[in-house]
Amino acid sequence: VDIFLSYIKKTYDRKSKVLDFHHPHQLLEGLEGFSLELSDHPEPLEQILVDCRDTLKYGVKTGHPRYFNQLSSGLDIIGLAGEWLTATANTNMFTYEISPVFIVMEEILLKKMHEIIGWAETEADGIFSPGGSISNLYSVLVARYKRFPEIKTKGMAALPNIALFVSEHSHYSIKKAAAVLGIGTDNVIAVKCDERGKMIPSELEGSILKVKSQGKVPFYVSATAGTTVYGAFDPLPSIADICEKYNLWMHVDAAWGSGLLLSRRHSHKLNGIERANSVTWNPHKLMGVPLQCSAFLIREKGLLQACNQLCAEYLFQPDKQYDTIYDTGDKAIQCGRHVDVFKLWLMWRAKGTRGFEMVINEFLELTEYLYKELKAREGFELVFDAEPELTNVCFWYIPPSLQHFPNGPERRKRLHQVAPKIKARMIEEGTTMVSYQPHGDHVNFFRMVFSNPATKKSDVNFLLEEIERLGKDL
């Protein structure tokens, strides 16, 4: 207990480092006595305690107020308590008889999320999955089954050449789902976006007509509510109109942006989501629930069960003494399923919807602060000059050597190297972490995101000053 309490304290302490070092070979060789090697004989208890301390010491402190590297960050104490209780219970989510309380909690939370999306609770369904990528895979799986139910027994050989559509700024998991499900990545059509990263509806319709002219059968569109890099929201009402016109399944990947549904100030950005056939919602992102916690939500009751059910007699006996509708395991593509729901339920009980709303609004206020700071500070340049819709802010740091350098291929080549070099120095220093990437025609830039309630304006200032300090000589 002392080890973990000490770690939690350091995680919130701005004087501590986000990470102590970042060299895999040092870990494998052992650093300051820390060894990962396994032996044939048990180590003494004292060494086991040292191992726990070192594991936390040399890992990345993702709950640190200055960790901005991924969409999931922070360390919620209530959620952590929920995770510990879940591990203590050590049960499985496939049947009500072994997991009654957690099964009912999942039903309650799914109904709450359906209500927030705008679906009538009697017609909707869903399941918690191991992450947004799996939730997105569920959406393709169920959409294909809805259109071609014979896929379950006859396989792809019985189907026409099918195609699905995503925005060019969408998460890669849809393309991966097509590969996993045998559809093929060549049949995933990337639809053009505007300069802000939003799918262009006319381009979507044009792509659908083109695919049909090639003899393929369109069946699915994935819109994004909060893209990974730009934090953009696709125009959901227009996409819904097109899906209805061509009888296509509409999925909304709201893994990142779904948290805004809890904010009365920002929920309008997801207008039209109620018209979707399915939605991915990741509470382990903006809502701050400890990893992992993702929900796949579907508007049509019973479809998920019909798609995945195999009625294994040793597990899903039909003659149990209770209503077997609560044996939810046959809706899943997994058998064993971790209890991801309790920590969310506990946090919702402790914070209420308004508590989540307050934190999410604060994230957007920090985002606006960073946006204005970048516009005001010399040496920083926004990737696109538009107020952020979510907590993503994309920008370049222009070191003094490039500030008066003429635009052209050579400047782009040099600027492309700036963010990786600063990130490398950042990791060596261990003071903060922020991601970078190229995107489309843009060379490497920093992508800042806010999802940690511990982050303050002083941490934003620290990050910008640290980037300047580490990159001014480049």
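Author: Start with strand 2 (residues 125-129), which is mostly covered: five of its five residues are buried. Buried means under 20% relative accessible area, exposed means over 50%, and partly exposed lies in between (1.4 Å probe, protein chains only). Helices (H or I, at least four residues) and strands (E, at least two) are DSSP runs, numbered from the N terminus. This is a predicted model: local features need pLDDT of at least 70, side-chain atom pairs count only at pLDDT 80 or more, and totals for chains, interfaces and linings use all residues. Residues are numbered from 1 along each chain as its sequence is written, and side-chain values use heavy atoms, with hydrogens and water left out.

Reader: Which residues of strand 2 lie on one side, and which on the other?

Author: Asp-125, Ile-127 and Ser-129 are on one side. Gly-126 and Phe-128 are on the other. Both faces are covered.

Reader: How do I read strand pairing?

Author: Two strands pair if DSSP finds at least two bridges between them. Here, five bridges join strand 2 to strand 8 (residues 294-298), and the two run antiparallel. Ile-127 stands opposite Phe-296 in strand 8.

Reader: What is the order of the strands in the open sheet of seven?

Author: The order is 2-8-7-6-5-3-4, with mixed pairing. Strand 2 and strand 4 (188-191) are the edge strands, since each pairs on one side only. From one strand to the next, the twist averages 20°. Axes are lines fitted to C-alpha atoms, for helices over the stretch in contact, and angles run from 0 to 180 degrees between N-to-C directions.

Reader: Which strands does helix 5 touch?

Author: Contact means heavy atoms within 4.5 Å. Helix 5 (residues 100-117) packs on the sheet and touches strand 2, strand 7 and strand 8. Its direction makes about 115° with that of strand 2. Helix 10 (residues 236-245) lies across strand 5 (217-224) and strand 6, running at about 155° to strand 6.

Reader: In what sense do strand 6 and strand 7 pair?

Author: Strand 6 (residues 249-254) and strand 7 (residues 278-281) pair in the parallel sense, over four bridges. His-251 stands opposite Ser-278 in strand 7.

Reader: How do I check the length of a helix?

Author: The expected span is 1.5 Å times one less than the number of residues. Helix 6 (residues 132-147) has 16 residues, so it should span 22 Å; its end C-alpha atoms are 23 Å apart, which agrees. Helix 6 is mostly covered, with twelve of its 16 residues buried. Among them are Leu-137, Tyr-138 and Arg-144.

Reader: What about helix 14?

Author: Helix 14 (residues 409-429) has 21 residues and reaches 31 Å from first C-alpha to last, close to the expected 30 Å. Its buried residues include Leu-415, Val-418 and Ile-422. Strand 11 (433-439), strand 12 (442-448) and helix 15 are among the elements that cover them. Just after helix 14, Gly-430 takes a positive phi of about 75°.

Reader: How is a pair of helices described?

Author: Two packed helices are described by the angle between their axes and the distance between the axes. The axes of helix 12 (residues 341-376) and helix 15 (residues 457-471) come within 10 Å and cross at roughly 35°.

Reader: Where else does helix 15 lie?

Author: Helix 15 lies across strand 1, strand 9, strand 10, strand 11 and strand 12, at about 30° to strand 10. Five strands form an open sheet in the order 1-11-12-10-9, with mixed pairing. The edge strands are strand 1 (67-68) and strand 9.

Reader: Is Asn-392 buried or exposed?

Author: Asn-392 counts as buried because its relative accessibility is 3%. Asn-392 is found in the loop between strand 9 (380-382) and strand 10 (393-397). A polar contact is a pair of N or O atoms within 3.5 Å; within protein, one must be able to donate a hydrogen and the other to accept it, and residues adjacent in sequence count only if both atoms are side-chain atoms. One of 2.7 Å joins the side chains of Asn-392 and Trp-256.

Reader: How does Gln-292 count?

Author: At 28% relative accessibility, Gln-292 counts as partly exposed. Its side chain makes a polar contact with the side chain of Asp-340 (3.4 Å).
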